[in-house]
Amino acid sequence: MSTTPAGTASPGIEQFGYTQELKRTLTFSDLMIYGLIFMVPIAPFAIFGGVFHDSGGMAPLAYIVALFAMMFSANSYAQMAQAFPMSGSVYTYVGRGIGKPVGFVAGWMILLDYLLIPCLLYLAAAIAMNGIIPDLPVWVWLVAFVVLNTVINYMGIQFTAKVNKIMLVLELVVLAIFLVVGLVALAQGKGRGFSFDAFFNSSTFSLPLLFGAASIAVLSFLGFDGISTLAEENSGSSKSLGRSMIAALAMVGVLFVVQTWVASMLVEDPAGLLENGDPAGTAFYEAAANAGGPFMFVLTAAATAVAWGFANALVAQAATSRLLFAMARDRQLPRFLSKISAKHRVPVNATFVVAIISLVLGIYLTILPDGLVAISALVNFGALTAFLVLNVAVIWWFIFKLKSRRWFVHLVFPLAGVLILASVIYNARTGAQLLGLLWLVVGIAVAAVLYKTGRMGGREVPVTTAAGEPEAVEVK
């Protein structure tokens, strides 16, 4: 694997008119672990009941559909990361691939994911910890998680990467314990016994039902795209960025399918869960308790709280700060967000802004009975819409602009991603659609203002090869 010395300019940065400011220290394994932590290997613990209910008991199948949608989008991320190896994620890729106004709107939509998901994670974890230790109010736990993660992120991306590895091991240990205990319990006759009904049940199956459930399950996969925000801290080639996304998705997808399959067989009252849903959010923990008693309930609940509120929120805050940094550097957000810490080489102001938003919004949502539901809906809609536009950008840039003949990676895969994502968005809950469309309209209005005032986009530095083609097109 080729590397670039820390602090030096990447071959892919200066050709676009930028100066290398972030520290290049992350390896392929660091990026993959970052993605795994962001997605949380035990993410289904928290939303299993909702996916089970909305899928007609076929939670593993819903996760498979969501995985396919994310895999096609990961291919698009990989292709654009090679063409434009810069921070900014979908905002950068769509802006460069289609046009700056469209890129801004795509970045605006992904902000629903990036800005709100740290708050979502902090709030969910704080509620879980309050359930374990009710003497401490929810807001105290929320403040504690925010402060701890902000300090770690401020210390620099290398320190964050080290913490990520420790947390990943702990999550995988808890998951292994659940799977072993669950499989032993099933072998002993507990639960409903071994069955493949969770993968297909003709009595409840329908495509709208399946895509609707996938719109919830996809929340567990959100975060693989966060790897792309670390493009300017990647010490390897631009190819390693895309490969780390696909590798992380494949690994976590297998874990999601296996754990939801085991949990589905351990659900004590599947008919009741299908009829009434999981308002308390404890369906997975109850399935674990059905296999191993109260200890398994506490273990899986506590692991969820720590994974969401510490490990996942840690990387979410880091990714969000990089997106704000990239947009501010292009004068599409306030300039102060592009400030880099001279000592730690991280976007310091953006990091603190994310912390403040999480604190203020999180504390406010603690007093609303449905605050967590509303913010979850916004996060999903924003991310899925941005992914859909990214797939279109790949087709537009490579097929129409560069006349690529790599039909599968530049046309077939992105087109499949568009179709699956469109189906998932169409079958999402109405509330999510309305709130998401409102945010989209606001984003288009802001883009129009920026365009009219001459602030639409960053620096343009034409760089061509000997053949007269843009150098960034050399994607192999």
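Does Phe 387 count as buried or exposed, and at what relative accessibility?

Guide: The model is a predicted one, and the values below are computed from it. At 0% relative accessibility, Phe 387 counts as buried, the cut-off being under 20%. Its ring partner is Tyr 77: the two ring centres lie 5.9 Å apart and the planes stand at 80°, so the pair is edge-to-face. An angle over 60 degrees is what places a pair in that class. Tyr 77 is likewise buried, with a relative accessible area of 0%. Because Tyr 77 belongs to helix α3 (residues 59-83) and Phe 387 to helix α14 (residues 371-401), the pair ties together parts that are 310 residues apart in sequence.

This pair is one of 23 aromatic pairs in the count. Another, formed by Phe 196 and Phe 199, is tilted, with 6.3 Å from centre to centre and 40° between the planes. Phe 196 is exposed at a relative accessible area of 61%, while Phe 199 is partly exposed at 23%. Elsewhere, ring pairs join Phe 45, Phe 48, Phe 52, Phe 178 and Phe 284 into a cluster.

Of its 476 residues, 58% are buried. Among contacts between residues at least 6 apart in sequence, 81% join residues at least 24 apart. Helix α4 (residues 89-97) illustrates burial along an entire element: nine of its nine residues are buried, so this helix is largely enclosed by the rest of the structure. Among the buried residues of α4 are Tyr 91, Tyr 93 and Arg 96.

Helix packing can be followed in detail for one pair. Two packed helices are described by the angle between their axes and the distance between the axes. The axes of α12 and α13 come within 8 Å and cross at roughly 120°, which makes α12 oblique to α13. The crossing of α12 past α13 is right-handed. On the α12 side, the residues in contact are Gln 317, Thr 320, Ser 321, Leu 324 and Phe 325; they meet Ala 350, Thr 351, Val 354 and Ala 355 of α13. By class, this contact has five nonpolar, four polar and no charged residues.

The loop between α12 (294-329) and α13 (348-365) holds Ser 338, which counts as buried at 12% relative accessibility. Leaving aside residues up to four places away in sequence, Ser 338 touches Phe 325, Ala 328 and Arg 329. Phe 325 is also one of the α12 residues that meet α13.

Two backbone positions complete the account. Most residues other than glycine have a negative phi, and most peptide bonds are trans. Val 40, although not a glycine, has a positive phi of about 65°. The place of Val 40 is the loop between α1 (28-39) and α2 (44-54), and this residue counts as buried at 0% relative accessibility. Lys 403, also not a glycine, has a positive phi of about 55°. Lys 403 lies in the loop between α14 and α15 (407-426), and is exposed, with a relative accessible area of 53%.

Terms used: Residues numbered from 1 in each chain as written. Predicted model: local features only at pLDDT ≥ 70, side-chain atom pairs only at ≥ 80, totals over all residues. Heavy atoms only, no water. Helix = DSSP H or I, 4+ residues; strand = E, 2+ residues; numbered from the N terminus. Buried < 20%, exposed > 50% of the residue type's maximum accessible area, 1.4 Å probe, protein only. Contact = heavy atoms within 4.5 Å. Axes fitted to C-alpha atoms, helices over the stretch in contact; angles between N-to-C directions. Parallel < 35°, antiparallel > 145°, perpendicular 65-115°, else oblique. Left-handed = near helix turned anticlockwise from the far one by under 90°. Nonpolar A, V, L, I, M, F, W, Y, C, P; charged D, E, K, R; others polar. Phe/Tyr/Trp six-rings, centres within 6.5 Å; stacked < 30°, edge-to-face > 60°.
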